[in-house]
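Take a look at the model below.

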Amino acid sequence: MERGFAARFRQPAEWIVHAPGRVNLIGEHTDYNDGYVLPMAIDRAVWIALRPRADQLVRLESLDFHETLEFDLQALGHGGPGWGEYPKGIAWALQQSGRRLRGWEGVISGEVPLGAGLSSSAAVELATARAFAAVADLEWDPPAMAQLAQRAENEWVGVACGIMDQLTSACGLADHALRIDCRSLEIEPVPLPESASVLVLDTGTRRDLVSSAYNQRREECRTGAQAFGLTSLRDLTEEAFAAGQGRLEPVIRRRVRHVLNENARTLRAVQALRQRELELAGRLMVQSHASLRDDFEVSSPALDAMVEIAAAQPGCWGARMTGGGFGGCAVALVDREAAGAAGPRITAAFRERTGIQAAVYICRAAGGAEAMHV
Ligand code: GLA
């Protein structure tokens, strides 16, 4: 990073900032229903090395894409789609909140695979937010910054995501998953048992049109909540669902059932991890996957194959798709002793079944976005 910066600007960087990607252990498609999620920030991040400028220009060169983004803080405008909209969106959201910004220049590079369901976009957003905060000496309030980043993604980039990804990238904690109540935004750290490893299994598949399917699911959840006279499915009880489900169209009934059960599963998984009941945590992950596949219908044949292969490995307590779905990554909870051997076995079996070369990352739970003065 620093070398990349020095090569471009012939001077050392003043700040190095980074923000992690995340993997969600359980609680999928619940965040925008005001429900519960259990993600962790991972030890793969987006990094920016930078120094302030005297003017209002931001100049950011991507070392991965060999592209340079340049924009004027006093004349923000949309460009084409691409990674450049995230930093601009962050500048826009910070300015909308009344913060005064300063220009800077730097280089950006990432270790979070793109479009894989590991929140590379939230990592770019939070790293950029840290960069602006560092050079303009803004107070760093992680949850508030996460909300601004979500606003940037919703209103500037135009993706109707929930709060999970940004909150995790901002508030991650080493060796802990985060139980997040997406209504109150209360975060409770959940220690990860030392005997467990978290494996991220990238199917290498990516799907277009993810955001239209995502928006459609959001809409279906809203319809479901309305049918019960609620503003969000968070407030739906088992009893009310049992009494009223017959009135719902089959598709809506399945969506609602997923959210209701997934919230309950997430809370049980939190307890299971706290009590080191890894077998139970793994079982809940497998149930979560089945529900995402059959009721919420956001899995894919590649994800189903990956989960089935992973869950069958010795020492694997459970696996499921992670993130928005339709492609990207699965996550598995594996006995630490077995984790090293499981990776190559999973990729071999997956290649045999699908012809695709998958990637496996053993991930540690990491801290949230940080800035370092150099
Ligand atoms: C994407 C969104 C999140 C969340 C997940 C599904 O990652 O950005 O807000 O809705 O999908 O759980």
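Which polar backbone atom is 2.7 Å from an oxygen atom of the ligand? That backbone atom belongs to His 29. Keep in mind that this model is predicted.

In Glu 28, a polar side-chain atom lies 2.6 Å from a ligand oxygen. In Arg 22, a side-chain N or O atom is 3.1 Å from an oxygen atom of the ligand. On its own, the ligand has 310 Å² of accessible area, and the protein covers 91% of it.

Now step back to the surroundings. The ligand sits in the largest pocket. Around the ligand are Arg 22, Glu 28, His 29, Asp 31, Tyr 32, Cys 161, Gly 162, Met 164, Asp 165, Tyr 214 and Gly 324. Sorted by class, this shell has 4 nonpolar, 3 polar and 4 charged residues.

How many disulfides does the model have? The count is 0. A disulfide needs two cysteine sulfur atoms within 2.5 Å. For Cys 182, the closest cysteine sulfur is in Cys 161, 11 Å away, so the gap is too far for a bond. Cys 363 is in no disulfide either. Its nearest cysteine sulfur, that of Cys 329, is 8.6 Å away.

Are Cys 182 and Cys 363 buried or exposed? Cys 182 has 7% relative accessibility, so it counts as buried. Cys 363 has 6%, so it counts as buried too. The cut-off for buried is under 20%.

Methods. Residues numbered from 1 in each chain as written. Predicted model: local features only at pLDDT ≥ 70, side-chain atom pairs only at ≥ 80, totals over all residues. Heavy atoms only, no water. Near = heavy atom within 4 Å. Polar contact = N/O pair within 3.5 Å; in protein donor to acceptor, adjacent residues only side chain to side chain. Areas by Shrake-Rupley, 256 points an atom, 1.4 Å probe, with all protein chains shown as cover. 1 Å grid on protein atoms, 1.4 Å probe; cavity = no way out; pocket = protein on both sides within 12 Å on 5 of 7 lines; lining within 4 Å. Sits in = over half its atoms within 2 Å of the grid points. Nonpolar A, V, L, I, M, F, W, Y, C, P; charged D, E, K, R; others polar. Buried < 20%, exposed > 50% of the residue type's maximum accessible area, 1.4 Å probe, protein only.
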